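Subject: Structure handover

Hello,

Here is the structure for you to look over. My notes follow below it.

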Amino acid sequence: MFIAVKLKSHGDSAAMAFRRSMSGMAEVIACYITSGRHDFLLHVVVPDLAEYRRFVLDRLIKLPDVRDINSSFVIDTVKEDAPIPLNHLK
């Protein structure tokens, strides 16, 4: 799944604390800083909905600087591991 996270504050200490928290969570296989409505986009892998519930309710939303989350579940993979088109850089 992908989880968009908005923090309560945009200060350096809040962002660094969140980044450290994500580094310590095995379920988070990628964490991106984003522009737009949310501050971070997490790529999270859990085995089932019960584990998703535990991850979100017991860990993620209990972090002190998390204001809002928005989850999207991957239903099927259409394209993955495509080469990055860098030919224009030559």
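What percentage of the 90 residues in the protein do buried residues make up? Buried residues make up 27% of them. Buried means under 20% relative accessible area, exposed means over 50%, and partly exposed lies in between, with a 1.4 Å probe and protein chains only.

Some ground rules. This is a predicted model, so local features need pLDDT of at least 70 and side-chain atom pairs count only at pLDDT 80 or more, while totals for chains, interfaces and linings use all residues. Residues are numbered from 1 along each chain as its sequence is written, and side-chain values use heavy atoms, with hydrogens and water left out.

**Overall fold**

The protein has 2 helices and 4 strands. These are DSSP runs numbered from the N terminus: helices are H or I with at least four residues, strands are E with at least two. Their order along the sequence is β-α-β-β-α-β. The C-alpha trace spans about 45 × 35 × 25 Å along its principal axes. Take the contacts (heavy atoms within 4.5 Å) between residues at least 6 apart in sequence: 65% of them join residues at least 24 apart.

**Surface**

The protein exposes about 6600 Å², and carbon and sulfur atoms supply 54% of that. Areas come from the Shrake-Rupley method with a 1.4 Å probe; for residues, only the protein chains shown count as cover. Ile84, Leu86 and Leu89 make a nonpolar surface patch of about 350 Å². Patch residues have over 30% relative accessible area and no salt bridge; nonpolar side chains (Val, Leu, Ile, Met, Phe, Trp, Tyr) are joined within 5 Å, like charges within 9 Å. Leu86 sits in the segment after β4 (66–72). Leu86 counts as partly exposed because its relative accessibility is 47%.

**Salt bridges**

Side chains of opposite charge can pair when their charged atoms come close. A salt bridge here is a side-chain nitrogen of Lys or Arg within 4 Å of a carboxyl oxygen of Asp or Glu. The whole structure holds 2 salt bridges.

- Arg59 pairs with Glu27, with the closest N and O atoms 2.8 Å apart. This pair links distant parts of the chain, 32 residues apart: Arg59 is in helix α2 (residues 49–60), Glu27 in the loop between α1 (12–23) and β2 (28–33). Arg59 is partly exposed, at 30% relative accessible area.
- Glu51 pairs with Arg54, with the closest N and O atoms 2.6 Å apart. Both are in helix α2, 3 residues apart, so about one helical turn separates them. Glu51 is partly exposed at 28%, and Arg54 is partly exposed at 39%.

Best wishes
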